[in-house]
Amino acid sequence: MVFSMQQRPHPVRRALGVGLFLAAMGLTGLAQAQGTPIRLLVGFPAGAGTDAIARTLGEKLKDVLGMPVVVENRAGAGGQIAAQALKAAPADGHTLFLSHDHSISILPQVVKNPGFNPATDFVPVAGFATFANVLAVSGGTPAKSIDEYVKWVRTQRGGKETIGIPAPASIPEFLVKMISEKYKIDVQPAPYRGSAPMTADMLGNQITAGIASVPDFIENHKAGKVRIVASIGAKRQAVLPNVPTFTELGFSNLEDLPYYGIFAPVGTPQPIIDKYGEALQKVLAMPDVKQKLTTMGLTVAYEPQGQFAGRVRSYTQTWERIIQSSGFKPL
């Protein structure tokens, strides 16, 4: 439609027209018309648990949407670099961020100037899973439980040891602090640039323990190369029925489970958001996808935009209380 200068539509009518046009076209038509693939940002290196999840979903989303989905690793700073890239991306539906809780709920509370604000810069698309952070010990220690690990630290390390974490100022760091305080031992966090290099050092017995997500450890746990000895959550993980929760071990406030979800830049048209949510729901309903993600240690459950936004808010508030009570000063 062509308008002369005298016939320009009212701004409100023009905006409604654009929205109806996008809704009519759908996400596939829009992307094909512009010839641009979907960028699925991941804040961790290739080979890490989050990367494997993104590639599993990206491959299936490509089929459902009928357009390329490119996983783009923007590793570093616990997902901060990827989050900043999402903020800088156009709100045109071509850039998404697959993230777990750290980048969205934790990082903005522990870094003075993260370069983004999830509440104002991002919009949740949908959630797709929860998981647990766990403590695992390496083959360099004979421990098969957290009590045995603590005893080993006291007798073999003089009560002092380091525990690997995938990123500084993360939930694993606060768990290290809680372990130190509860068992009266001096364990300090050793930050890595993601879980992959941390796990590599655990396999090489460069460090004797690490805290990360179930997907980061599960395959090596099954192979007997590391041993998961405790997990967060109100109940035991389905893939780890013999591993006690931190709650069972006497820790408090560790019942809420971390989440995985997809986010878009604020301002992304709602019809596009809805189309992505529908596509993700279809992918999660595929038996092979659910089985693969479950095997990786995720509890798979689709959450639409509103429900997922509520989970993000609640989880953020829970950890805000824990972080503030710990006396942690933003970096």
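In which loop is the place of Lys-184? I looked this up first in the predicted model. Lys-184 lies in the loop between helix H7 and strand S7 (186–191).

**Entry on positive phi values**

I noted that phi of Lys-184 is near 55°, a positive value in a residue other than glycine.

I found a positive phi of about 65° at Asn-253, which is not a glycine either. Asn-253 belongs to the loop between S9 and strand S10 (259–265). I also recorded Gly-158, which follows H6 and has a positive phi near 65°.

**Entry on helix H6**

Which residues of helix H6 (residues 146–156) are buried? I listed Ile-146, Tyr-149, Val-150, Trp-152 and Val-153. These residues cover an arc of only 160° around the axis, and therefore they sit on the same side of H6. I set beside this the general rule that an α-helix has 3.6 residues a turn, so residues three or four places apart point the same way.

I next examined the face of H6 turned away from the buried side, and there I found the exposed residues Lys-151, Thr-155 and Gln-156. As for the partners, the buried residues of H6 pack against strand S5 (133–138), S6, helix H7 (171–183), strand S8 (209–213) and strand S9 (226–231).

**Entry on Ile-163**

I turned to strand S6 (residues 160–165), where Ile-163 is found. Ile-163 has a relative accessible area of 0%, so it is buried. Which residues does Ile-163 contact, leaving aside its neighbours within four places in sequence? I recorded ten names: Leu-135, Tyr-149, Val-176, Val-187, Gln-188, Pro-189, Ala-190, Ala-209, Gly-210 and Ile-211. Tyr-149 in this list is one of the buried residues of H6.

I also looked up Glu-173, which is ten residues from Ile-163 along the chain; their C-alpha atoms are separated by 8.8 Å.

**Entry on Thr-208**

I located Thr-208 in the loop between helix H8 (195–203) and S8. Thr-208 is buried, because its relative accessible area is 6% and the cut-off for buried is under 20%. With which side chain does the side chain of Thr-208 make a polar contact? The partner is Glu-161, at 3.0 Å.

Beyond the neighbours within four places in sequence, I noted that Thr-208 is in contact with residues including Ala-136, Val-137, Ser-138 and Thr-141. Tyr-149 and Trp-152 are also among the contacts of Thr-208, and both are buried residues of H6.

**Entry on helices H2 and H11**

How do the axes of helix H2 (residues 49–65) and helix H11 (residues 287–295) cross? I read a crossing angle of roughly 175°, with the axes coming within 11 Å. H2 is therefore roughly antiparallel to H11. From H2, Ile-53, Thr-56, Leu-57 and Lys-60 take part in the contact, and they meet Asp-288, Val-289, Lys-292 and Leu-293 of H11. I sorted the residues of this contact into four nonpolar, one polar and three charged.

**Entry on Ala-238**

Ala-238 is exposed, with a relative accessible area of 75%. How many residues apart in sequence are Ala-238 and Thr-299? I noted 61 residues in sequence, and 8.3 Å in space from C-alpha to C-alpha.

Notes. Residues are numbered from 1 along each chain as its sequence is written. This is a predicted model: local features need pLDDT of at least 70, side-chain atom pairs count only at pLDDT 80 or more; totals for chains, interfaces and linings use all residues. Side-chain values use heavy atoms; hydrogens and water are left out. Axes are lines fitted to C-alpha atoms, for helices over the stretch in contact, and angles run from 0 to 180 degrees between N-to-C directions. Helices (H or I, at least four residues) and strands (E, at least two) are DSSP runs, numbered from the N terminus. Angles under 35 degrees count as roughly parallel, over 145 as roughly antiparallel, 65 to 115 as roughly perpendicular and the rest as oblique. Contact means heavy atoms within 4.5 Å. Ala, Val, Leu, Ile, Met, Phe, Trp, Tyr, Cys and Pro count as nonpolar, Asp, Glu, Lys and Arg as charged, and the others, Gly among them, as polar. Buried means under 20% relative accessible area, exposed over 50%, partly exposed in between (1.4 Å probe, protein chains only). The arc is that of the directions from the helix axis to the C-beta atoms. A polar contact is a pair of N or O atoms within 3.5 Å; within protein, one must be able to donate a hydrogen and the other to accept it, and residues adjacent in sequence count only if both atoms are side-chain atoms.
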